[in-house]
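Q: I would like a close look at a single part of this model, with the cut-offs behind each term spelled out. Please keep the account connected, so that each element is placed before its contacts are described.

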Amino acid sequence: GPCFRLSTTCLLLSALRLVGAQSGASALPDHWTEPQGPGFYVEKNILVWGGDTGSGLQAAKAWHLRCAHVFLVGQTEAAARAAHDEVAALPILAGTCPPGVVAKVAWASGNEANSTEVAGKAAIELGAIDMSWNFLP
């Protein structure tokens, strides 16, 4: 969507949409904004339930491109691994991550039945979880 005022956030989101369109990567959907301004997601540990679904995968890509560490949870091992490979292959623009920081992408298969086990694995892989999003149907 168009930006109606000149702001850092507006310019950043416009640039990310352009980069996403050029690279085939997912930029934030038009209705999303950066909650605390540019850089909010840098080094955040985000647990993404349903990271193999359309919306979950799109969100995981957007967060990864902002230097967040994402832990994808898919319904099956094959789906979770495929989502991981797709997100991990996205190139993050130079200068997005602080010097020496590489955005992590990890995965597990799971659902409500093994949620405690999966959350524990996410904490081991990434450290303390800052945010958890549920995109499960």
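How many disulfides does a search of the whole structure find, and what surrounds that part of the chain?

A: The model is predicted, so local features are given at pLDDT of at least 70 and side-chain atom pairs at pLDDT 80 or more, whereas totals for chains, interfaces and linings use all residues. Residues are numbered from 1 along each chain as its sequence is written, and side-chain values use heavy atoms, with hydrogens and water left out.

Searching the whole structure gives one disulfide, the term being used for a pair of cysteine sulfur atoms within 2.5 Å. It is formed by cysteine 67 and cysteine 97, whose sulfur atoms are 2.0 Å apart. The torsion about the S-S bond of cysteine 67 and cysteine 97 is about 120°, and the disulfide is therefore right-handed. Because cysteine 67 lies in the loop between helix H2 (54-65) and strand E2 (69-74), while cysteine 97 lies in the loop between helix H3 (77-88) and strand E3 (105-109), the pair ties together parts that are 30 residues apart in sequence. Helices (H or I, at least four residues) and strands (E, at least two) are DSSP runs, numbered from the N terminus. Cysteine 67 counts as buried at 0% relative accessibility, and cysteine 97 counts as buried at 15%; buried means under 20% relative accessible area, exposed over 50%, and partly exposed in between, with a 1.4 Å probe and protein chains only.

Helix H3 has twelve residues, which at 1.5 Å a residue should span 16 Å, and this agrees with its end C-alpha atoms, which are 16 Å apart; the expected span is 1.5 Å times one less than the number of residues. The buried residues of H3 are Ala80, Ala83, His84 and Val87. Seen down the axis of H3, these buried residues fall within an arc of 105°, so they line one face of the helix, the arc being that of the directions from the helix axis to the C-beta atoms. The buried residues of H3 pack against H2, E2 and E3, where contact means heavy atoms within 4.5 Å.

Helix H2 also holds histidine 64, which counts as buried at 3% relative accessibility. Leaving aside neighbours within four places in sequence, histidine 64 is in contact with Val70, Val87, Ala88, Leu90, Ile92, Ala103 and Val105.

Tryptophan 63 counts as buried at 0% relative accessibility, and ring pairs link Trp63 with Phe40, Tyr41, Trp133 and Phe135 into a cluster. Rings of Phe, Tyr and Trp (its six-membered ring) pair if their centres lie within 6.5 Å, and planes under 30 degrees apart count as stacked, over 60 as edge-to-face and the rest as tilted. The structure holds five aromatic pairs. In one of them, the rings of tyrosine 41 and tryptophan 63 have their centres 6.0 Å apart and their planes at 50°, so the pair is tilted. Tyrosine 41 is in the loop between helix H1 (8-23) and strand E1 (45-49), and tryptophan 63 in helix H2 is 22 residues apart from it. The rings of tryptophan 63 and tryptophan 133 have their centres 5.6 Å apart and their planes at 45°, so this pair is tilted. Because tryptophan 63 lies in helix H2 and tryptophan 133 in strand E4 (residues 131-134), the pair ties together parts that are 70 residues apart in sequence. Tryptophan 133 is partly exposed, with a relative accessible area of 35%.
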